[in-house]
Amino acid sequence: MSSLKFIPFAGTALRNLFRKPVTTSYPFAPAQYPERMRGHIEIDIESCISCGMCARSCPPGALTVDRAAGTWTIQRFDCVQCGNCVNVCPKKCLKMVPGYTTPDCTKHSDTYTRTTPLPKPAPRPAAKPAAPAAQAAPAASQAPAAKTE
Amino acid sequence: MAKRSIVPFGPQHPVLPEPVHLDLVLEDEVVVEAVPSIGFVHRGLEKLVETKDFKEYVYIAERVCGICSFGHGLGYCQTLEQIMNLEVPPRARYLRTIWMEMSRIHSHLLWLGLLADAMGFESLFMESWKLREKILDMFDATTGGRVIFSVNCIGGVLKDMDETMLKNIVDTCNEMEKELKPIADAFLREYTTESRLRGLGVLPADQAVLAGAVGPMLRASGVAYDARKLGYAAYGDLDLEPITSSDGDSYARCEVRIKEISQSFDLIRQAAAKIPAGPIAVPVKGFPKGEYFTRIEQPRGEAIYYVKANGTKFIERFRLRTPTTSNIPPMLNMLKDCQLADVPLLILTIDPCISCTER
Ligand code: SF4
Ligand code: SF4
């Protein structure tokens, strides 16, 4: 009787000898990502109004928004792909897209700069005028450096 | 009296990937006492609640554990929903139930794999984890993450499932149920596994209750207690009977968990058949004020969530008691009078999660 008890798994083990592997040999076979996968954040910077909602509600503080320079910066290695910024953005210009970011040896950030100036918010006299595109470029290169860890 | 010696066990041990330290007092090869010490992976996640917006904290709560992540998010959200008197829409409650049961299947399959690995049964370990991969793929397709799901929010859930997704889940569950059969047989009917597990670490029902065991550990000792019977989420509408076994040994714990996987398949099918249409979340207005306790049944046992809010956007106190915290005292009872060689396996049978215990 006890020898019969060996049979349940012996069958599986024998069948496995003749089965194809269940794993794929990445990177030779590309990885398949489902549509909803939370891979990384992308921004449509031209629709961004620099309201800063995303930066304020990012749990690890991975985002920096510079209204004057018209830049939006993400610390790729701090972002935990929670998707909170996508949910709070009033202009719906943030998007969570499939596919992981590439590995790196140093923590890097990505800065996006708006090329068209923001439309002036007319009813608020105290508001600063939006920065012209010419000023935005040098400020953008400084933005990641200004971020303290 | 034989000479006593003390053998340190852990915090780094080949069988357990988790850092728990035990001082094992031995007489020859027999353990007479085990003195635990934890605190190697404390991350201060509870304290973080004081500096994060209460809505954002959901994302932190679910990062307490990489296996019960859905449940921790759920427990935190449920507590705040009670404080803020939010009525969660029925569809959201059903979706939460489906995801919660998927978590249970994934956690139990992970445990089965680890058990096989601790016994040195490598191919069975591979088979269990191969099956678990299907659940992770379903999580990926429905929530966008394999381990951290980020779908819970205060007042409901963030993502809906359409008809095709629900059908896919039910189909995959049916398929997995068939594939689980040979694995379950290998654990419960195979001579090698049975001889390793039978009669090992017996925990009688009265001792289990006294020491405060929870979850499959308690049910394996014959106590029919399951926090899902409280009827949170959609559990109140579903047919559910706690699964028990009377032996209280390691074999019984394995049996209970395997049967719970089948039960979870059944609950998912029931929930998918009954899920009503409608909204998936209600808006949250204002800030919470008050305090509340919630209990939920995590895959590893009952977890307790306590929140004290003071009417600002920061919460004053958040307390989480994880199942492993309650299962450590019964584990110490079990370790008494066992062989030194059985210690790793016995620790594993409580399904320890030290990282969530220390938060
Ligand atoms: S929330 Fe949206 S619009 Fe506002 S700064 Fe962020 S990305 Fe721009
Ligand atoms: S996904 Fe989450 S962590 Fe990443 S930038 Fe958005 S809010 Fe921050």
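The lining of the second largest pocket divides into 11 nonpolar, 6 polar and 5 charged residues, where Ala, Val, Leu, Ile, Met, Phe, Trp, Tyr, Cys and Pro count as nonpolar, Asp, Glu, Lys and Arg as charged, and the others, Gly among them, as polar. The model is predicted, so that local features need pLDDT of at least 70 and side-chain atom pairs count only at pLDDT 80 or more, whereas totals for chains, interfaces and linings use all residues. Residues are numbered from 1 along each chain as its sequence is written, chains are lettered from A and ligands numbered from 1 in the order in which they are written, and side-chain values use heavy atoms, with hydrogens and water left out.

A pocket is an open set of points on a 1 Å grid over the protein atoms alone, where a 1.4 Å probe fits and protein lies on both sides within 12 Å along at least five of seven lines; lining residues have an atom within 4 Å of a point. A volume is the space filled by probe spheres set on the points, which are joined across faces, edges and corners. The second largest pocket holds about 570 Å³. Of its 22 lining residues, Asn84(A), Val88(A), Asp53(B), Lys55(B) and Glu56(B) lie nearest the centre. H3(A) gives the most to this lining, with 3 residues; helices (H or I, at least four residues) and strands (E, at least two) are DSSP runs, numbered from the N terminus.

The largest pocket has a volume of about 1,200 Å³. Its lining comprises 33 residues, and those nearest its centre are Val22(A), Thr23(A), Lys130(B), Glu133(B) and Asp137(B). Two or more residues each come from helix H1 (7–17) of chain A and from helices H4 (122–143) and H5 (163–188) of chain B. H4(B) gives the most, with 11 residues. By class, this lining has 16 nonpolar, 6 polar and 11 charged residues.

A nonpolar core is a set of buried Ala, Val, Leu, Ile, Met, Phe, Trp, Tyr and Cys residues joined through side-chain atoms within 4.5 Å, buried meaning under 20% relative accessible area (1.4 Å probe, protein chains only). In the largest core, of 116 residues, Tyr76(B) and Phe187(B) touch the most other members. Helix H3 (residues 90–119) of chain B supplies the largest share, 15 residues. A second, separate core has 17 residues, including Cys48(A) and Cys93(A).

Ligand 1 is surrounded by 15 residues, each with a heavy atom within 4 Å of the ligand. Cys48(A), Cys51(A), Gly52(A), Cys54(A) and Cys89(A) are the closest.

Key:
Buried < 20%, exposed > 50% of the residue type's maximum accessible area, 1.4 Å probe, protein only.
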